[in-house]
Structures are given as C-alpha cells and as structure tokens.
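Welcome, and thank you for stopping by. Please take a moment with the sequence and the model below, and then we can walk through them together.

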Amino acid sequence: MSTEKPAKEALFSKKNRSLLTDPLNVNNPITVQVLGICSALAITVKLKPAIVMGLSVLVVTIMANLITSLMRNMIPNRIRIIVQLVVVAALVILVDQVLKAFVYDVSKQLSVFVGLIITNCIIMGRIEAFSLGNTPWKSVLDGFGNGAAYGGILIIVAFFRELLGNGTLMDYPVVEWMGLYDLGYKNNGMMLLPPMALIVVALIIWVQRAKTPSLIEKD
Amino acid sequence: MDINSNKYTYIFAVVMVVLVAALLSIAATSLKPFQDKNVELEKKSDILRSIGVEGANLDSLFAQYITEQLVIQNGMSVESEVSAFDIDMASAVSVAAEERQVPLYKAVVEENTYYVLPLRGKGLWGPIWGYVALEGDGNTILGATFGHKTETPGLGAEIATPIFQDQFPGKKLFSSAYEGIKVLKGEASGDQEVDGISGGTITSVGVQDMISDCLKPYKAYLLNIAANSAVPTVDTMGLSADTTLITAAL
C-alpha cells in the first residue's frame, strides 16, 4: 500500500476495511442496532430461504448504496427520501422477479418478505446515513458489510432453528443420519415458532457482548 | 445548476420515474416466460401429487401418467377453444355452474384409471385451491392436495399440510344425502366427513364449499362412471341404486 500516492486512498485502506468489517461485529445491524428484526423472525425457520433472503438483501444494499451514491450530487434535497424509496423499491421488484423466475419454490416460501425488503430499516438507514455523503466505492463496501452482516445473522439463526426444530439442514436429514432418533432424541417443535428466533438472536447478542467488551454499557 | 430549485426537482422526479418504469417493464417482460414455466410445472406437480406421483422431471412424468385431458361442461365432455390445461379456474368458477367449462384429467397409474378434478374457492383472506383425485369408480377419493394464497399460518394455512390432506383418501364424494365432503368441527367419522382445522373455521368451511361448488359441473359425468363401474355387491348396491336415481333425476 505504500506504493499508492498519498492523495489517493487505497481500495482496501484501513478505513475502508473497517467499513466492511465493522457491521459484522461492533456495528452489526441486527445484534447491535437491532434493525431488520421482523424478517429475521419470519424467514429463519429453514436454512435455504434464509440464505436466499440474505443474498437478496445483500444485493439490494450494495446496489441501492451504489446507485444513490452515484446520484448523491444530483438528488434534490427535498425529495431525497422519495428518491431513495424508488431506488430501493425498483431493486426489490427486480429481485422478486428474478427469484420468481429462477428459484420459484424459495420465492413462494419468502412470499411477502421479499417485497418487505423495502421496509427493511437497514437499507434505508444505510442510504440516508452513509451513501448520500460518501463515494460510490465506500458505499459499496458499506452496503456489502451491512448486507453480509444481516445475512450472516439470518443464516446462524436459521441453522439452529432448522437443526433443532426440524432435524434437518438444507432439508438434509442430519439428525436421522447421526442416528439420534434411535437414542430417543426428539425434535423441538418450539424452535419453529417465531419467538424462538428472538431468543436465538438474544443468545447471539449475549455471546457477542461477552466477547466484545466495548459493546457493554457502562452502568 | 441549482439542484434544489422547483424546476429541477420536477424534472428529476419525472425522468427518474420514467426510467425506473421502463427498466421494470423490460425486466418483467423478459422474465415472464421463465415465471410462466414455473407456474406450469407447479400445476403439473400438484396434479401428479394428488395421484401420489412425485419426481424430478415433471414434464415427462405428466406426459406419462396423464393420458387424457377433457373439458367438462354440465357433466358432458365438450369441445373447447381453450385446452383443458390452460383453463383458468379462478375465472371458471366465477360463472354459473351450468355454464362452466372445467378441466378433468384422466390418469393411468399401473393400469388403474384415476380422475383428477381441480378445485378453486375462497378461504378467509384470499383464494384457496386444490386437486382431488378419484379412483376408477368416480366416487372414492384417492388423494387430495390443497393450496392457499394468504391463509393464516398455523390456522387456515394448515389445509396445505399432510395432517389435513391425509384425511381425504377413502372418503366418498357422492351419496344420496350429500354431494361433497363435509369439513366438520370435532367428530368427523362418516364417509363424507373430515376434521376441520381448529381456529381455521372459515378456511375449513371454505374447503367444504369449494368442493361442493366445484363438483357441480362434473356430477353427471362422475355418476355415469360410477354407474358403469359399480359391481353389484352388497356394499355398492346402495350406491349404484342411488346413483341411478340421481342420474335419472338429471
């Protein structure tokens, strides 16, 4: 990185890297900012829809951040929220159409939640707070970091819910394969109910705070 | 240029909306064929599932098992401009039962003939639909599958689960007393009764109404099959006598 001219920032300078990694831990949109909880409850019953949802949100955050950042000097201030909404809505409709065309069964399971990506606070939040005031590359990194952090939490939650609630992973009968049923093991159907997603998220927050003292409030 | 002037704001908004609209229509049009194919495959999968056939290559399975696709109106097989598979049940059920043109799929699995009837009706929040497969006698249910658009998960949406659907095999559609399947609260025991969904009463009633309504155009056709296939044993004597009566009444 020393070969770079001092005036120009490196693509992956320390500051840029932190845009990517901060959301994964100390600034996680779900576990620290507690945004996007609604969809985290709804579509984490199974791993596959959670992965598709995570990828969809990832694509939308990156693209929405990129597009608004490219337009940031053209957007009239008075209608900027509307412009952001239109950008996000258009992207979400595109994602929905693509899912319907190529992963129909998953798109049926996600049903309204793809459309509701529009209302996911993470996306509007990142546009308003970040990409309207930053360069496209930084905005892409920020979008990637936040989208990946959201998807990551979704996948962790869905992993435990599908494994403990259904005994499968990606519909593959893991528990049966391990032979636990013969030993008297039973699936915990409660894991499939929405409240258990909150409890799993809370456990993740617990682990994260225990490992990251900077997140713990002083009093 | 002042990007906060009124003129610029209006121009920006108009240009943005037009661009976005164009982009979305292009995307929707170009992806339509793929989406239609998925809907078609799902329909085939639902029909095959009602006769107990599942598999990966739906197109070839469908061609293999579904031997005939008829258009039925008022109990008769009729010629129609639209092929049986392309009939849109949503608009079909909106006309009077006598004028309805509805599809009937004839399937042959291991030399047994089955008949598959599509269903379409109203649940609590939106449309519900399904397929009922009948055995060769045109009366006994072989299997039934249901689907719904927006029924409440855990309540009405349970009609799409095996717990509900597995009650149907072996039930009868026709008797002298009733045509259809009653979806009851609590004790369902008879040949024409199944247990409803607790907390999903309106959806359960919707299923019952859907079956009795969608059955109407097929009635004479199915009773005809029943009359022809009935073997005069003690068990079916009553049935065949009933069906002749009903057919005669028509």
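## A walk through two chains

Let us begin with V116(B), which touches I47(B), S50(B), I51(B), Y105(B), A107(B), Y131(B) and A133(B), leaving aside residues up to four places away in sequence. Touching, or being in contact, is taken here to be two residues having their C-beta atoms, placed from the backbone, within 7 Å. Please keep in mind that this is a predicted model, in which local features need pLDDT of at least 70 and side-chain atom pairs count only at pLDDT 80 or more, while totals for chains, interfaces and linings use all residues. Residues are numbered from 1 along each chain as its sequence is written, and chains are lettered from A and ligands numbered from 1 in the order in which they are written.

A residue is buried if 20 or more other C-beta atoms lie within 10 Å of its own, exposed if 12 or fewer, and partly exposed in between, with C-beta atoms placed from the backbone.

How are the strands of chain B arranged? 6 strands form an open sheet in the order β2-β1-β3-β4-β5-β6 (chain B), with antiparallel pairing. Strands pair if DSSP finds at least two bridges between them; the strands (E, at least two residues) and helices (H or I, at least four) are themselves DSSP runs, numbered from the N terminus. Because β2 (76-78) and β6 (141-148) of chain B stand at the edges with a single partner strand each, one side of each is left without a neighbour in the sheet. Further in, 6 bridges join the antiparallel strands β1 (residues 66-73) and β3 (residues 102-109) of chain B, and V71(B) stands opposite P103(B) in β3(B). Helix α1 (residues 6-50) of chain B lies across β1, β3, β4 (112-122), β5 and β6 of chain B, at about 145 degrees to β6(B). Such angles run from 0 to 180 degrees between the N-to-C directions of axes, which are lines fitted to C-alpha atoms, for helices over the stretch in contact.

Now turn to chain A, whose secondary structure comes to 10 helices and 0 strands. Of its 219 residues, 36% count as buried. In helix α3 (residues 47-70) of chain A, 18 of the 24 residues are buried. Helix α8 (residues 136-166) of chain A has 31 residues, so at 1.5 Å a residue it should span 45 Å, and its end C-alpha atoms, 42 Å apart, agree with that. The expected span is 1.5 Å times one less than the number of residues. Just after α8(A), G167(A) takes a positive phi of about 75 degrees.

Where do the two chains come together? 16 residues of chain A are in contact with 16 residues of chain B. Helix α4 (residues 80-102) of chain A gives the most to chain A's side, with 10 residues.
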